[in-house]
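Please read them alongside the sequence and the coordinates.

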Amino acid sequence: MTYHGGCQCGAVAFEADGEIEQLIECNCSICKPNGYLLWFVPEANFRLLTDEGALSEYRFNTHKIAHQFCSTCGVSTFGHGPGTYAVNARTLKDFDVASVPIQQVDGASR
């Protein structure tokens, strides 16, 4: 299945292929305040449909993950690490996050 997502203002749009069997809710210092519900997608299954220039990036801790968000409206759409994208399922169009199990991850203790 192909899912379509993006930010509130439309400056960032993407699509990702796969099946969403569960989401991850992490309590770390970036996931918790942003309200992320993450779906991990292999890099080959993710396509950014808009210009990369619409994105801003934030890296912290080990700097391995580029937390990307819309430079205009600030919506956090996804993160990108080696070989994978962590899609914020809350930014997917026509997807009910309550339709799949949510696994709690204690990222704050790492």
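1. In this predicted model, β1 and β2 form a hairpin with 6 residues between them. Within the turn, G10 has a positive phi of about 90°. The two strands, β1 (residues 2–6) and β2 (residues 13–17), pair in the antiparallel sense over 5 bridges. Across this pairing, Y3 stands opposite A16 in β2.

2. The aromatic pairs number 8. In one of them, the ring centres of F46 and Y85 are 3.8 Å apart and the planes meet at 10°, so the pair counts as stacked. F46 belongs to strand β5 (residues 46–48) and Y85 to strand β9, so the contact ties together parts that are 39 residues apart in sequence. F46 is buried, at 8% relative accessible area, and Y85 is also buried, at 13%.

3. Y58 and F60 form a stacked aromatic pair, with 5.7 Å from centre to centre and 15° between the planes. Y58 is partly exposed, with a relative accessible area of 43%; F60 is likewise partly exposed, at 25%.

4. Ring pairs also link F14, F46, F78 and Y85 into a cluster.

5. The largest pocket holds about 670 Å³ of space. It is lined by 27 residues, of which C26, C28, C31, I65 and H67 are the closest to its centre. The elements giving two or more residues to this lining are β3 (23–26), β4 (38–42), β8 (76–81) and β9 (84–88). Of these, β8 contributes the most, with 4 residues. By class, the lining comprises 15 nonpolar, 10 polar and 2 charged residues.

Methods
Residues numbered from 1 in each chain as written. Predicted model: local features only at pLDDT ≥ 70, side-chain atom pairs only at ≥ 80, totals over all residues. Heavy atoms only, no water. 1 Å grid on protein atoms, 1.4 Å probe; cavity = no way out; pocket = protein on both sides within 12 Å on 5 of 7 lines; lining within 4 Å. Points joined across faces, edges and corners; volume = space filled by probe spheres on them. Nonpolar A, V, L, I, M, F, W, Y, C, P; charged D, E, K, R; others polar. Pairing = 2+ DSSP bridges. Phe/Tyr/Trp six-rings, centres within 6.5 Å; stacked < 30°, edge-to-face > 60°. Buried < 20%, exposed > 50% of the residue type's maximum accessible area, 1.4 Å probe, protein only.
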